[in-house]
Amino acid sequence: MEIGIRILIVFLVSQVVHIGAQKEGEEGCVPGFQVKEYQVEYNGGFQKDHPLTQVFFDDCAGNEGLAFEVSHPDFQVDEEMNLVARRDVMDSGTVMFIHGVNEQADDMAQVDIVGAPPRSPQTLREILGLGQIQPYRSKRALFAPRMHVNENMEPPFPKVIGTLIVMSPGMENDHIFHMTGSGADQDPKGVFTINRVTGEVSVSQELDREAISSYTLEVSVTDLSGKLVEGPVALLVDVNDQNDNRPIFKETRYAGEVLEGSPTGTVVMTMTAEDADDPRLQNAVLRYNIVRQSPDKPSPNMFYINPESGNIVTVISPTLLDRETLPTTQYELEIVAQDMKGRDVGLTGTATATITITDKNDHAPEFTHSLFQANVDEGSRGVAVNLTVDDRDDPATGAWRAIYSIINGDPTQNFEIQTNPDNNEGMLSVVKPLDYESVVFHTLLIKVENEDPLVPDVGYGSSSTATVHITVLDVNEGPVFFPDPLQVTKMENIPLGSFVALLNATDPDVLQSQSIRFAVLRDPANWLSVNPVRGTVNTSANLDRESPYVHDNKYTAIFMATDNGSRPASGTGTLVIHLEDYNDNAPYVHPSVVRVCEDTKDSVVIVGGRDRDIHPNAGPFKIELGKQPGLEKTWKVSRVNNTHAQIMLLQSMKRANYQLPLVVTDSGLPPLSNSTEIKVQVCTCKKNRMDCSSAGSVCSNLMMLLALVLLSLFCL
C-alpha cells in the first residue's frame with residue numbers, strides 16, 4: 001500500500017506538471033509516457049502473464065535504464081512494455097498507476113479498469129493514507145516532483161509547470177509555500193514563481209536550454225505565523241530541448257587530398273559539425289550527406305561520406321583515379337549535416353570540401369628528341385644546348401622535376417648538365433674549354449630521371465636517354481707563353497742593355513701559319529725592353545733591388561704576344577726577375593738623436609747600424625768615433641752586438657746640444673763606410689725626470705767640442 005501511495009502522489013504531481021508542457025510539447029520529443037491514460041475491461045479477473053494493455057514511454061534518449069513500478073503489487077510492466085498480472089487476480093480495483101523512471105525521465109500513467117468492483121480503501125484520501133487506515137500518521141510531508149518545461153515557449157506568461165504537494169491530516173489551508181535559488185530570488189531572478197497558497201510553480205519567460213539546461217531550487221512550507229514546518233527540499237526543473245539549433249561546421253571550407261590510384265574506400269578526410277541541442281536527443285544526432293560534386297566527371301559519385309562518422313572515402317576505381325586523365329585535379333563537394341538523424345524535419349548546415357588528387361610518380365620523363373646537336377667555339381665556356389623532356393606528372397613536384405646525368409662520352413669532364421628549375425630543361429654546359437686542334441667532335445649520352453623514385457610498376461625506358469653531338473668550331477686563339485711565369489735571376493745594377501730573358505710563345509692554331517710579335521704590356525719601373533720578333537728582353541735602365549717596385553727581391557713585368565690572323569689574337573705572359581743584392585748602399589746610424597744627463601759621468605746610450613742592402617752586404621756593423629782628435633777624452637763608443645754599440649759620456653757637460661761624429665761600416669765586399677753625426681742632447685735630470693727644454697739654446701758643433709778639449713789640455 002505504501003508503494004501505491006508514493007506512486008499515486010508522484011503521478012498526481014506529474015499530471016499537473018504536464019498540463020502546461022503538453023501544449024508546447026508537440027513541437028519536439030517530451031520525455032515520459034506518450035499516452036497518459038489507458039482503459040482495460042474487467043471480465044471477472046485477470047490471468048497470470050496475460051497482457052492487459054501496452055504502455056508507451058519514451059525518454060527521448062533510448063530508454064536506457066528504464067524501470068516501472070505499478071501501484072497494485074500483483075501487476076508489473078514486462079520488457080515489451082505490456083501491463084501483465086504476476087498471478088491470477090480477481091480483486092484488481094478500478095484504477096492503477098504506473099510509475100516510469102530513469103535518469104532522463106520521471107513520469108506517471110493511469111490505467112482505468114472498466115467494470116471492476118472497487119477495492120477497499122479506494123477513495124483518494126484513503127489511498128493517500130489520510131483516513132482512518134493510518135491514524136498514526138500526523139507529520140506533514142512536502143513533495144517537490146521533478147518538473148519539465150519546454151524551451152522557446154510562446155507567450156502569454158506565466159505558465160504553470162507543476163504543483164508542490166503538502167499533506168497533513170485535518171489541515172489543508174494553513175500553510176504558505178516559499179521558493180528560493182537561482183531562477184527565483186537569485187540570478188537569473190524571476191524565471192520561476194510559486195503560488196504561496198496553492199504551491200503552483202510557474203515559468204514567467206521564454207527559456208533557452210542551450211544557455212541553462214536545468215535549474216535547482218529549494219522549496220519550503222511555513223505555517224501562517226511564518227514558522228518552518230516542512231523543507232527545505234530540492235526542486236529540480238529540467239528545460240526540455242527543442243530542435244532550435246542547426247548543425248554548424250567548424251569551418252566553411254575544408255581541404256583534403258588523396259593520392260592518385262588509391263584503392264576504393266580510401267579515407268580522404270573527415271567532416272565534423274556540431275549541434276548545440278541536447279546530445280541525448282535526436283535533436284543533436286547528425287547525419288552527413290554529399291549533395292553536389294563539381295565537376296561530376298568521370299562519375300558524379302566519385303566519393304562517399306559515412307553518414308554517421310563524416311569520413312569521406314573514395315568510390316571511384318583506382319584505375320580511373322588517374323590525375324593525368326581526370327578533367328581536373330581538384331573536386332569540390334557540398335556537404336550537408338542534418339540533425340534528427342537526417343529525417344526531413346531536421347535542421348541542416350552546409351560546408352564545402354575541396355579534394356585534391358595528388359600525384360605519384362607513375363610517368364617517367366621522356367626526351368622530346370633522341371638526338372640533340374650543337375656547335376661550340378673552341379676555348380669558350382657556357383651553355384651549349386638545352387635538352388627538353390616531357391613528363392605527365394604534376395609540375396613542381398619531385399615526380400616531375402628532372403635530374404640529368406652524362407653517362408658516356410665525357411672522360412675529361414669538359415661538360416656538366418644542370419636542371420632549369422623553371423621549365424625542367426637540361427642545360428648542357430662546357431665547363432672546360434674545348435680544343436679544336438685536339439678533338440673536333442664529341443658524342444655524349446645523357447640520361448634523365450626524376451627526383452622521386454618511380455612507382456614499382458613503372459620504369460625508365462629508352463626515351464629517358466638521348467644522344468648529344470657537339471661540334472667544336474675553330475677559333476683564332478691567342479699565343480700561349482711557356483713557361484708562364486718565366487722566372488730568371490739577375491744582379492742589380494747590371495749594365496744597360498744587358499740580356500735578361502728570352503720569351504717563348506707558341507700559337508695553338510697549328511693548322512694555320514701565323515707569325516707572333518712581342519710587346520711590353522706592363523713594366524712598372526720602365527727597366528726593360530723586348531725585341532718584337534725574337535722575344536729577347538734586355539735592360540733599358542738600372543735594376544735596383546731597393547726600388548719600391550721590387551717586392552720580396554722580385555720584380556714582375558707582363559708581356560704580350562700577338563699573332564697575325566684575320567682577327568689577330570693575343571696572349572700574355574709574366575716575367576719574374578729575382579734580383580741579387582749588390583753593396584751599393586752605405587750604412588747609417590739610428591737613432592739620429594740621443595739624450596744624456598748633465599753632471600753625470602758614465603751616462604750610456606745605445607745606437608744601431610742600418611743598411612738598405614741585405615746580407616751579406618749589411619751587418620755586422622762596426623760603429624766608432626769620428627777621426628777628430630780629442631773626442632776619445634769625452635766620449636767612448638763600444639760594441640754591444642753585431643748591429644748595436646753604446647756611447648758613454650766620460651765627463652760632465654753643460655746642458656746643450658752636441659753633434660757627435662761617428663763612422664759606421666757594413667760587412668759587404670768591398671765594405672762601405674759612412675761618416676755621419678748624431679745629435680746628443682745633454683739634459684737636466686731630477687727625480688727620474690729629464691728636462692731638455694733649454695738644451696737647444698746652445699748649438700755646439702765639432703768646433704765647440706774641440707775648444708773644450710783644448711781648454712782642458714791647457715788647464716792641465
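Strand 33 and strand 34 (residues 426-430) run antiparallel and are joined by five bridges, and I use "paired" for two strands when DSSP finds at least two bridges between them. Strands here (E, at least two residues) and helices (H or I, at least four) are DSSP runs, numbered from the N terminus. As a general point, the strands of a sheet pair through backbone hydrogen bonds, and they do so either parallel or antiparallel. Within this pair, isoleucine 417 stands opposite leucine 428, which belongs to strand 34.

Before I go on, please keep in mind that this is a predicted model, in which local features need pLDDT of at least 70 and side-chain atom pairs count only at pLDDT 80 or more, while totals for chains, interfaces and linings use all residues. Residues are numbered from 1 along each chain as its sequence is written, and side-chain values use heavy atoms, with hydrogens and water left out.

Back to the sheet: it is open, with three strands in the order 30-34-33 and antiparallel pairing. Its edges are strand 30 (382-387) and strand 33 (415-419), each of which pairs on one side only.

Now to the disulfides, where a disulfide is a pair of cysteine sulfur atoms within 2.5 Å. How many are there by this rule? The count comes to three, and if we number the bonded cysteines of the protein in sequence order, the pairing reads 1-2, 3-5, 4-6.

Cysteine 29 and cysteine 60 form one of them, with their sulfur atoms 1.6 Å apart, and the angle of -85° about the S-S bond makes this link left-handed. The pair connects distant parts of the chain, since cysteine 29 sits in the loop between helix 1 (2-25) and strand 1 (32-33), whereas cysteine 60 sits in the loop between strand 4 (57-58) and strand 5 (67-70), 31 residues apart. For accessibility, I call a residue buried under 20% relative accessible area, exposed over 50%, and partly exposed in between, using a 1.4 Å probe and protein chains only. Cysteine 60 counts as buried because its relative accessibility is 8%, while cysteine 29, at 30%, is partly exposed.

Another disulfide joins cysteine 597 to cysteine 685, with an S to S distance of 1.8 Å, and this link, with -85° about the S-S bond, is left-handed. Here cysteine 597 lies in strand 47 (residues 593-597) and cysteine 685 in strand 53 (residues 673-686), 88 residues apart. Cysteine 597 is buried at 17% relative accessibility, but cysteine 685 is partly exposed at 31%.

Cysteine 683 and cysteine 692 are also joined by a disulfide, S to S 1.7 Å, and with 105° about the S-S bond their link is right-handed. Both of these cysteines are buried.

Let me finish with some details of the backbone. Which peptide bonds are cis? One joins lysine 297 and proline 298, with omega about 0°, and proline 298 is found in the loop between strand 23 (287-294) and strand 24 (303-305). Another runs from aspartate 484 to proline 485, with omega near 5°, and proline 485 is in the loop between strand 37 (480-481) and strand 38 (486-491).

Asparagine 152, although not a glycine, has a positive phi, near 65°, and is partly exposed, with a relative accessible area of 23%. Asparagine 526 has a positive phi of about 55°, and this residue counts as exposed because its relative accessibility is 57%.
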